[in-house]
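I opened my notebook for a friendly first look at a new model. Here is what I looked up, entry by entry.

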Amino acid sequence: MSPLDFSGVLSRSDLLVNGVLLTAQISLAAMAFALIIGVLAAVFTLSGSKLLRWPVLAYVEVIRNTPFIVQVFLIYFGLPALGLRLDPITAAILAMSIYGGAYTSEIIRAGIQSINKGQIEAGRALGMSPLTIFRYVVLKPALSSVFPSLVAQFILLLLSSSVVSAISVPELTGTGNDIQGLTLRNMEIYLVIAVIYVALVAALKGAMTVLERAMFPFKFLRR
């Protein structure tokens with residue numbers, strides 16, 4: 001067995017950097033959209049309207065019970081049959097957003113349900129508008145309580161970005177596959193990719209810790 005040789009991989013480090021940047025871009029975009037979808041879906045699920053609740057519940061169940069790669073293929077290969085053709089990167093962001101939104105909605109729904117009804121009544125007694133009550137009395141405390149779960153879900157969303165290489169998105173895994181085809185150094189390229197993913201997750205955790213301290217400083221004052 002030949003020894004490990006990383007020269008062919010490292011000589012193409014510029015390609016890996018581009019793959020890392022694209023992975024970060026599509027993942028951060030998908031996280032933002034997934035959070036928006038998650039909040040709206042959670043609110044609709046908890047609403048008293050069946051017209052809002054049941055379609056959202058169906059969406060969550062379908063997404064959570066089908067493989068992500070099938071969802072990617074449906075968006076990228078299926079939508080053109082309906083007259084909507086998306087480029088690979090747009091399709092990847094859309095698929096990741098829809099996928100992440102379904103899981104995020106359940107996390108946020110649990111956070112909203114944990115809010116004491118008395119706090120909402122207190123907000124009404126103080127003359128706060130419904131939007132202000134939802135923003136400061138319901139949503140912010142709910143996000144605070146489920147923030148670690150959201151971070152875990154965003155990490156999974158980051159790692160799931162590797163799947164979109166199947167539709168020729170040149171993110172980190174897709175770039176790694178291309179380099180593997182050029183160098184035929186299977187172990188070396190995938191070891192490097194694994195290390196880069198670990199570094200990306202560590203960077204995301206660090207950024208989320210800073211964000212949590214900025215958004216919810218009261219959580220740390222009690223410690």
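**Entry 1, L40.** The model I am reading is a predicted one. L40 sits in helix 2.

Next I asked which residues form a nonpolar patch on the surface. I found L40 there, together with F33, I36, V43, F44 and L52. Together they have about 490 Å² of accessible area. Helix 2 gives the largest share of the patch, 5 residues.

I stayed on helix 2, which runs over residues 13–46 and includes T45. With a relative accessible area of 9%, T45 is buried, because the cut-off for that is under 20%. I then looked up what T45 touches: leaving out residues up to four places away in sequence, I listed R53, V56, L57 and R109. I also saw that a polar atom of the T45 side chain lies 2.7 Å from the backbone oxygen of A41.

How many aromatic pairs does the structure hold? I noted 5. One of them is F68 with Y99, a tilted pair at 4.5 Å centre to centre, with 35 degrees between the planes. This pair links distant parts of the chain, as F68 is in helix 4 (residues 68–78) and Y99 in helix 5 (residues 88–113), 31 residues apart. Both F68 and Y99 are buried. For Y76 and F77, I wrote down ring centres 4.9 Å apart and planes at 75 degrees, so that pair is edge-to-face. Last, I noted that ring pairs join F68, Y99 and Y103 into a cluster.

Terms used. Residues are numbered from 1 along each chain as its sequence is written. This is a predicted model: local features need pLDDT of at least 70, side-chain atom pairs count only at pLDDT 80 or more; totals for chains, interfaces and linings use all residues. Side-chain values use heavy atoms; hydrogens and water are left out. Helices (H or I, at least four residues) and strands (E, at least two) are DSSP runs, numbered from the N terminus. Buried means under 20% relative accessible area, exposed over 50%, partly exposed in between (1.4 Å probe, protein chains only). A polar contact is a pair of N or O atoms within 3.5 Å; within protein, one must be able to donate a hydrogen and the other to accept it, and residues adjacent in sequence count only if both atoms are side-chain atoms. Contact means heavy atoms within 4.5 Å. Patches are made of residues with over 30% relative accessible area and no salt bridge: like charges are joined within 9 Å, nonpolar side chains (Val, Leu, Ile, Met, Phe, Trp, Tyr) within 5 Å. Accessible areas come from the Shrake-Rupley method with a 1.4 Å probe; for residues, only the protein chains shown count as cover. A salt bridge is a side-chain nitrogen of Lys or Arg within 4 Å of a carboxyl oxygen of Asp or Glu. Rings of Phe, Tyr and Trp (its six-membered ring) pair if their centres lie within 6.5 Å; planes under 30 degrees apart count as stacked, over 60 as edge-to-face and the rest as tilted.
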